Amino acid sequence: MRHLGLAAFLRLLTVAIALCVFGAGATLAQTNGTASGEGTTVVAPPDYEAWEEFATSVDTQIANPASTADGLEALRRDIAVWRERLLAAQGTNSSRLATIRAQIEALGPAPADGEVEPKDIADRRADLAKQLSVLQAPSLSAVEAYSRADGLIREIDAVLRERQADELLQLWPSPLNPANWAQAASAVAASTRLLTEEVQASLANAAKRDAAFDLLPAIIALLLFSALTILRGRAMIEGFAVRLMESGASNTREIWAFIASLGQVIVPTLGMLAFSTAAVMSGLLGQLGEDVATELVAFGVIVFTARWIGSCSFPRAAHAPTHLPMSTGARAKGRFLTEALGLTLGVEVMREALLPESQLSEASISVLSFPTLVIAAVLLYRLGKLLLRNSREGLGGLAEGGENAPQLFSQRLVGLIARATIAVALLGPLLAAIGYIRAGQGMVFPMVASLGLLGLLFTLQNLVGAVYSVIIRNDERGRDALVPVLIGFFLTFASTPFFALIWGARVADLTELFTKLRDGFQIGQTRISPSDYILLAVVFGFWFLITRLLQGALKTTILPKTNLDQGGQNAIVAGVGYVGIFLAALIGVTAAGIDLSGLAIVAGALSVGIGFGLQNIVSNFVAGIILLIERPISEGDWIEVNGVMGTVSAISVRSTRIQTFDRTDVIVPNSDFVSGMVTNWTRFNLSGRLIVKVGVAYGTNTRKVEKILQEIAEAQPLAVLNPPPAVVLANFGADSLDFEIRVVLRDVNFSVMARSEINHEIARRFAEEGIEIPFGQRDIWLRNPEVLTQMAQGTASQAALRQPDEPVALAEPVEPAGAKRKSRRKDVE
């Protein structure tokens with residue numbers, strides 16, 4: 001499978017660049033083919049005769065079963081270029097067409113059957129219609145040709161996908177059949193003999209020997225550099241990164257250690273490149289030898305990258321942050337398995353270079369590719385078991401420690417990946433053993449590459465968290481902040497094309513998807529494209545920022561200088577925010593060119609749903625607007641609604657938050673404030689009346705009590721003297737004479753404290769004056785006490801006659817006959 005070679009690796013590395021270049025090239029093609037002049041777009045018309053001739057030849061190639069995949073890919077690229085030109089040609093004369101349509105509409109509707117309009121208007125209408133038909137011809141031709149080009153591309157893609165599927169499902173000779181081993185051995189011997197003969201022939205050539213001798217100093221220098229960088233350079237860099245992390249846990253050290261660890265890939269890869277260059281410069285290699293030497297670079301990149309990903313995913317330093325928390329022994333095992341998988345992939349690349357599949361039989365390919373596939377599957381199985389065990393231990397620890405949900409999700413994700421890895425490791429060799437070699441390779445090797453890409457993603461996410469922590473200078477909250485999480489989601493989304501390529505997708509498939517997204521889709525008469533969404537987001541974000549700045553200016557600079565209270569200021573700031581967000585959305589939609597008139601039917605259907613299913617939410621929203629406009633309550637008011645008493649802490653369009661005196665927050669729907677009864681204790685002023693009740697014993701001098709209570713009320717510091725405090729004899733109670741102190745306080749928020757002080761003063765003054773505060777007591781009268789006496793005597797006689805060890809039988813209590821319970825209140829003498 002050549003997708004494991006250097007070309008596929010570079011394809012993975014450059015797919016994003018290819019997408020960007022493809023889009024930019026299309027934009028340049030449209031720009032180069034257009035010119036603006038007096039509002040009219042002039043596009044160089046395509047050569048439709050050449051297009052028809054080319055399209056006909058493409059139809060023939062598609063229908064020919066002997067057409068190669070490379071040939072169809074080349075045809076597809078040519079058709080894509082034509083399609084871009086035809087798409088640009090669809091806008092020919094667009095501005096002029098819009099002007100003529102507006103002129104026709106200005107003439108009014110065409111006359112109905114039997115009606116006649118003035119000759120001048122009729123002639124003008126006919127002339128404009130003729131111009132319109134002439135100007136529409138190039139655009140219509142471009143639309144028709146574009147449809148054919150797009151259809152041809154879809155046909156080629158379908159043919160290539162069918163061939164790819166047939167190749168995966170092709171049944172080859174089983175590698176377990178000993179009859180096929182001889183062909184494989186012969187193929188290996190032939191390639192080895194060919195490589196040896198090429199070297200011997202080069203050595204026998206005097207000119208090549210002299211050329212190699214002339215370049216000997218450069219060759220020796222390259223070989224020394226290669227040995228130094230491969231054998232010593234990588235180990236030195238890895239040791240430096242490990243020592244940097246072991247010196248202490250720090251985000252700054254983690255960043256520098258990551259930068260230093262990149263040398264583990266770059267430095268030894270340069271060494272492999274130097275070795276390959278030296279081998280080719282010697283001139284002693286033939287064609288096969290040069291191919292093998294060139295693939296050495298891909299071998300080094302794969303092996304050293306796998307080693308680096310393993311060191312990042314399973315770091316040596318105990319303090320190094322990792323997405324796979326493991327013990328030291330488990331990390332060492334993970335590093336070994338990752339390096340072994342990289343080495344296996346590298347060996348497969350070198351095998352394909354030394355034994356080109358185009359020169360081998362199916363039996364030889366089946367036998368020669370099976371060993372590396374089995375080794376990779378065994379390593380995958382062991383790595384999957386390691387990850388699965390780590391996931392289960394992590395989930396158990398999180399369940400006991402009560403950790404947060406993101407860590408729990410990451411552990412479950414690791415467990416899911418581990419189970420998929422184990423399944424692929426078991427199924428891939430089984431299919432290959434039967435004879436489905438391509439299917440087995442298409443499962444095992446892509447899984448290895450996918451695990452490597454996942455390890456790289458997790459490493460980059462850790463790095464983003466460390467960088468953000470350093471930027472905000474907060475090591476604890478930096479990794480869990482919103483920005484690193486969003487960047488992590490973006491990295492995951494951006495890696496999707498790489499995963500698609502790993503699992504067999506073609507670059508053409510991705511570019512086609514990108515083209516569809518760029519061209520957009522049609523909604524009614526409006527074409528929506530990702531550029532429209534980007535413009536919408538940018539415009540909305542700009543006006544949203546302006547709204548926030550205006551709110552800040554109102555809240556901190558303008559409104560505090562007015563006579564508005566705090567509640568009114570908050571209402572104005574909130575209203576400006578809601579209006580600003582609505583206008584920002586409206587301006588963004590308009591700037592993006594989205595026609596909202598086509599959504600009228602949808603809006604009508606939604607209104608019905610809102611009327612029935614969301615009526616409570618709508619009523620609360622309307623009530624919130626009423627509260628913000630009328631302001632019957634404001635933040636800081638002491639209110640009572642539906643039995644809830646407390647201070648208003650926040651008012652939104654849906655609900656109001658009240659902080660009770662128990663320091664608990666109660667969320668009250670706004671509709672309760674509009675439809676229910678609300679008591680506002682401090683809306684217009686803080687003064688309020690306090691009533692303190694007290695009872696005295698019957699027979700007490702009421703005037704004396706009144707005088708004492710009046711003095712106590714007037715002495716209260718919070719009591720106002722206008723109106724003055726009042727003391728009234730309110731009631732002749734069952735147990736006492738009931739008095740009330742009625743006093744108006746300056747600040748009703750201190751009513752509890754004032755009540756307590758007044759009660760303390762009442763207790764002190766009554767004790768000094770000898771005034772009694774009665775309390776209730778209860779007496780029980782028995783109408784027939786002699787019955788109880790008889791029962792008591794009978795119980796004593798039975799106790800005298802009972803044996804010493806005989807248990808006592810407890811009789812149920814019997815209410816005496818004629819017993820009567822009577823209660824009365826009696827004052828304490």
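Guide: A residue is called buried when its relative accessible area is under 20%, exposed when that value is over 50%, and partly exposed in between. The structure discussed here is a predicted model.

Visitor: Why is W51 counted as buried?

Guide: The relative accessibility of W51 is 0%. The cut-off for buried is under 20%, so W51 counts as buried.

Visitor: What makes W51 and W82 an aromatic pair, and which kind of pair is it?

Guide: The structure holds five aromatic pairs. In the pair of W51 and W82, the centres are 5.6 Å apart and the planes stand at 45°. W82 has a relative accessible area of 14% and is buried. Ring pairs also bring F54 into a cluster with W51 and W82.

Visitor: Why is the pair of F540 and F544 called stacked?

Guide: The ring centres of F540 and F544 are 6.0 Å apart and the planes meet at 20°. Planes under 30 degrees apart count as stacked, so the pair of F540 and F544 is stacked. Both residues lie in helix 19, four residues apart, about one turn of the helix. F540, at 30% relative accessible area, is partly exposed, and F544, at 27%, is partly exposed as well.

Visitor: How do you know that D150 and R83 form a salt bridge?

Guide: The N to O distance between the side chains of D150 and R83 is 2.8 Å. A salt bridge requires a side-chain nitrogen of Lys or Arg within 4 Å of a carboxyl oxygen of Asp or Glu, so the pair of D150 and R83 qualifies. D150 belongs to helix 5 (residues 119–168) and R83 to helix 3 (residues 69–89), 67 residues apart, and the pair links distant parts of the chain. Both D150 and R83 are buried. A search of the whole structure finds 24 salt bridges, and a network of them links E73, R76, D157, R161, R506 and D509.

Visitor: What makes the contact between E117 and R125 a polar contact?

Guide: The side chains of E117 and R125 are joined at 3.2 Å, and the limit for a polar contact is 3.5 Å. E117 is found in the loop between helix 4 (94–106) and helix 5. With a relative accessible area of 18%, E117 is buried.

Visitor: Why does L545 count as partly exposed?

Guide: L545 has a relative accessibility of 48%. Exposed requires over 50% and buried under 20%, so L545 counts as partly exposed. L545 lies in helix 19 and is one of the residues of a nonpolar surface patch with about 930 Å² of accessible area together. Helix 19 (530–558) and helix 20 (566–591) each supply at least two residues of the patch.

Definitions and conventions. Residues are numbered from 1 along each chain as its sequence is written. This is a predicted model: local features need pLDDT of at least 70, side-chain atom pairs count only at pLDDT 80 or more; totals for chains, interfaces and linings use all residues. Side-chain values use heavy atoms; hydrogens and water are left out. Buried means under 20% relative accessible area, exposed over 50%, partly exposed in between (1.4 Å probe, protein chains only). A polar contact is a pair of N or O atoms within 3.5 Å; within protein, one must be able to donate a hydrogen and the other to accept it, and residues adjacent in sequence count only if both atoms are side-chain atoms. Patches are made of residues with over 30% relative accessible area and no salt bridge: like charges are joined within 9 Å, nonpolar side chains (Val, Leu, Ile, Met, Phe, Trp, Tyr) within 5 Å. Accessible areas come from the Shrake-Rupley method with a 1.4 Å probe; for residues, only the protein chains shown count as cover. Rings of Phe, Tyr and Trp (its six-membered ring) pair if their centres lie within 6.5 Å; planes under 30 degrees apart count as stacked, over 60 as edge-to-face and the rest as tilted.
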